[in-house]
Amino acid sequence: MPIYRALWAILIVCVCAPAQAQTTAGVFGPNITQGDRSAEFRIAQSPGQNGDGDRWEARIHYQYAFQDNVRARIVLQGSNIETGNFESNFIQAELQWQFKKADNRNPWASSLRLDGRLVEKDDGAHRLGLNWTNQWNPGDKWQFNNVILTGVEVGPDAQDGVILEVRNSAKYKITPVLQLGVESFSALGRTNALGNFNRQNHRLGPVLTGKINKDTSYLVGALFGASRPARDIDFRFWLNRSF
């Protein structure tokens with residue numbers, strides 16, 4: 001497929017599928033490989049605006065695949081958003097189950113992921129989440145991911161309603177180890193108070209992923225605000241190491 005068609009398709013995905021302030025979250029895919037073991041560091045930074053300071057968010061996670069369709073992950077995240085000083089925000093456990101693998105006849109793969117989050121007492125309520133991710137590889141060059149996330153708060157500080165978020169990505173393989181794409185993040189709010197586009201948090205932007213060697217990969221990207229609650233820009237960097 002010519003490169004100009006690739007760029008048009010990436011643009012269409014992000015415009016048609018409209019995301020939170022700076023984020024270390026990703027458009028995670030469904031594929032699981034038995035024995036996969038890795039650690040990842042992520043950092044995101046949003047420059048100060050409207051008189052506030054720069055915002056930083058960082059996380060580290062470790063994951064292990066027990067089977068060819070079951071993977072567990074533990075996540076620790078912190079930021080300087082609440083107090084201006086960097087502090088831990090939450091610890092989260094995730095269990096992902098891949099119920100559909102792609103094959104030669106069907107290029108679709110799908111997974112469900114169950115999340116449990118314990119939050120620092122000044123950072124809101126604890127949360128349980130159930131998420132779905134789907135990947136479509138129409139050829140050797142293209143990869144499309146769509147994620148729907150749901151969550152409910154639990155505990156004494158919990159608010160009503162189901163939290164909804166949609167994430168999308170389209171990536172084009174430039175070389176065997178390099179992909180260029182666009183990602184969109186749409187935090188829609190709660191089912192009992194979804195509001196309109198400009199009360200939600202919508203962002204999109206470019207992303208580049210690649211490999212340093214067979215065990216080390218990276219992601220660099222930026223997200224640009226498309227609605228009023230979204231920060232103007234969010235810079236992102238990830239570094240992953242497999243063992």
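Predicted model: local features only at pLDDT ≥ 70, side-chain atom pairs only at ≥ 80, totals over all residues.
Visitor: Glad to be here! What is the mean pLDDT of the protein?

Guide: Welcome! Of the protein's residues, 91% reach a pLDDT of 70 or more, and the mean pLDDT is 88.

Visitor: Let's turn to the strands. How many bridges pair strand E9 with strand E10?
Guide: Strand E9 covers residues 178–190 and strand E10 covers residues 201–213.

Visitor: How many residues lie between E10 and E11 in their hairpin?
Guide: E10 and strand E11 (residues 216–225) run antiparallel and are joined by eight bridges. Lysine 211 has serine 217 in E11 as its bridge partner, and leucine 204 stands opposite phenylalanine 224 in E11. Between the two strands of this hairpin, the number of residues is two.

Visitor: Which residue in E12 is the bridge partner of serine 217?
Guide: E11 also runs antiparallel to E12, with nine bridges joining them. Serine 217, the partner of lysine 211, has a bridge partner in E12 too: asparagine 240.

Visitor: Staying with E12, is phenylalanine 235 buried, partly exposed or exposed?
Guide: Phenylalanine 235 lies in strand E12 and touches Ile43, Ala44, Gln45, Pro47, Gly221 and Ala222, not counting residues up to four places away in sequence. Its relative accessibility is 39%. Buried would require under 20% and exposed over 50%, so at 39% phenylalanine 235 counts as partly exposed.

Visitor: How far apart in space are phenylalanine 235 and alanine 222, C-alpha to C-alpha?
Guide: Alanine 222 is among the residues that phenylalanine 235 touches. In sequence, the two are 13 residues apart. In space, C-alpha to C-alpha, the separation is 4.5 Å.

Visitor: Why can phenylalanine 237 be called partly exposed?
Guide: Phenylalanine 237 is found in strand E12 and is one of the residues that make the nonpolar patch. Phenylalanine 237 counts as partly exposed because its relative accessibility is 34%.

Visitor: Is serine 110 buried or exposed?
Guide: Serine 110 is placed in strand E5 (residues 108–119). Leaving aside neighbours within four places in sequence, serine 110 is in contact with Pro30, Trp97, Gln98, Phe99, Lys100, Trp132, Thr133 and Asn134. With a relative accessible area of 6%, serine 110 is buried.

Visitor: One last stop: how far apart in space are glycine 48 and arginine 231, C-alpha to C-alpha?
Guide: Glycine 48 lies in the loop between strand E1 (37–46) and E2, and is partly exposed at 34% relative accessibility. Not counting residues up to four places away in sequence, glycine 48 touches Gly53, Asp54 and Arg231. Glycine 48 and arginine 231 are 183 residues apart in sequence, while their C-alpha separation is 9.2 Å.

Technical notes. Residues numbered from 1 in each chain as written. Heavy atoms only, no water. Patch = residues over 30% accessible without salt bridge, like charges linked within 9 Å, V, L, I, M, F, W, Y side chains within 5 Å. Areas by Shrake-Rupley, 256 points an atom, 1.4 Å probe, with all protein chains shown as cover. Salt bridge = Lys/Arg side-chain N within 4 Å of Asp/Glu carboxyl O. Helix = DSSP H or I, 4+ residues; strand = E, 2+ residues; numbered from the N terminus. Buried < 20%, exposed > 50% of the residue type's maximum accessible area, 1.4 Å probe, protein only. Pairing = 2+ DSSP bridges. pLDDT = per-residue confidence, 0-100. Contact = heavy atoms within 4.5 Å.
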